[in-house]
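Please work through the following exercises with the sequence and the structure at hand. Each task is followed by a solution in steps.

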Amino acid sequence: LKYRAFKLHKMLVVLIQHISVSDMVVSLTCILPQTVSLAAGRRVFGRGPLAYLLAYGPYYGFLSSKLLILALIVLKGLLIKFPLRARTWSGARAHQLCAGVWVFCLLGQFRFLVDHDDIWFDWRIYRYNYRYTAEIWRSWLS
């Protein structure tokens, strides 16, 4: 039996795979713990290394997801504008682009270096958040 499906460019497939990974990061660090804490009616995961992951993970996942979707949109435009040149683009180049996006998003987590103990459990949304209460944030955010 022969499938009559359309074929996507290799770079598009790689970007879609990385978008799905960033969605899984958001699901595991934001949606799942929030749902479990809401169902239990209390802070389930406690304080410790997991609390830091649950505080910083959603920021990392949301930013990487947005940037990867932006890269997908730009890539689609480039594929339409340069169809002959796009034949030479490989999946390895797409992995390099995605690795750059992941590293850039990781560099955005410099809050951890400023004051890593400034997380708290917000009972309104049942999630760990960063508070921005250090002295340096008062000067930067004012």
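**Exercise 1: Confidence**

In this predicted model, confidence is lowest in helix α4 (residues 111-114), with a mean of 69, and highest in helix α3 (residues 91-107), at 93.

Task: State the mean pLDDT of the chain and the percentage of its residues that reach 70 or more.

Solution. Step 1: the mean pLDDT of the chain is 85. Step 2: a value of 70 or more is reached by 96% of the residues. Step 3: where pLDDT is low, the predicted coordinates should not be read in detail.

**Exercise 2: Cysteines**

Task: Determine how many disulfides the whole structure holds, and examine C30 and C98.

Solution. Step 1: the search of the whole structure returns 0 disulfides. Step 2: C30 takes part in no disulfide, and its nearest cysteine sulfur, in C105, lies 16 Å away. Step 3: for C98, the closest cysteine sulfur also belongs to C105, at 11 Å, which is too far for a bond; the cut-off is 2.5 Å. Step 4: C30 has a relative accessible area of 5% and is buried. C98 is likewise buried, at 0%.

**Exercise 3: The surroundings of L15**

Task: Locate L15, decide whether L15 is buried or exposed, and list its contacts beyond four places in sequence.

Solution. Step 1: L15 belongs to helix α1 (residues 10-40). Step 2: the relative accessibility of L15 is 0%; because buried means under 20%, L15 is buried. Step 3: beyond its neighbours within four places in sequence, L15 contacts L68, A71, L72, L75, L97 and C98. Step 4: W140 lies 125 residues from L15 along the chain, and their C-alpha atoms are 35 Å apart.

Technical notes:
Residues numbered from 1 in each chain as written. Predicted model: local features only at pLDDT ≥ 70, side-chain atom pairs only at ≥ 80, totals over all residues. Heavy atoms only, no water. pLDDT = per-residue confidence, 0-100. Helix = DSSP H or I, 4+ residues; strand = E, 2+ residues; numbered from the N terminus. Buried < 20%, exposed > 50% of the residue type's maximum accessible area, 1.4 Å probe, protein only. Contact = heavy atoms within 4.5 Å.
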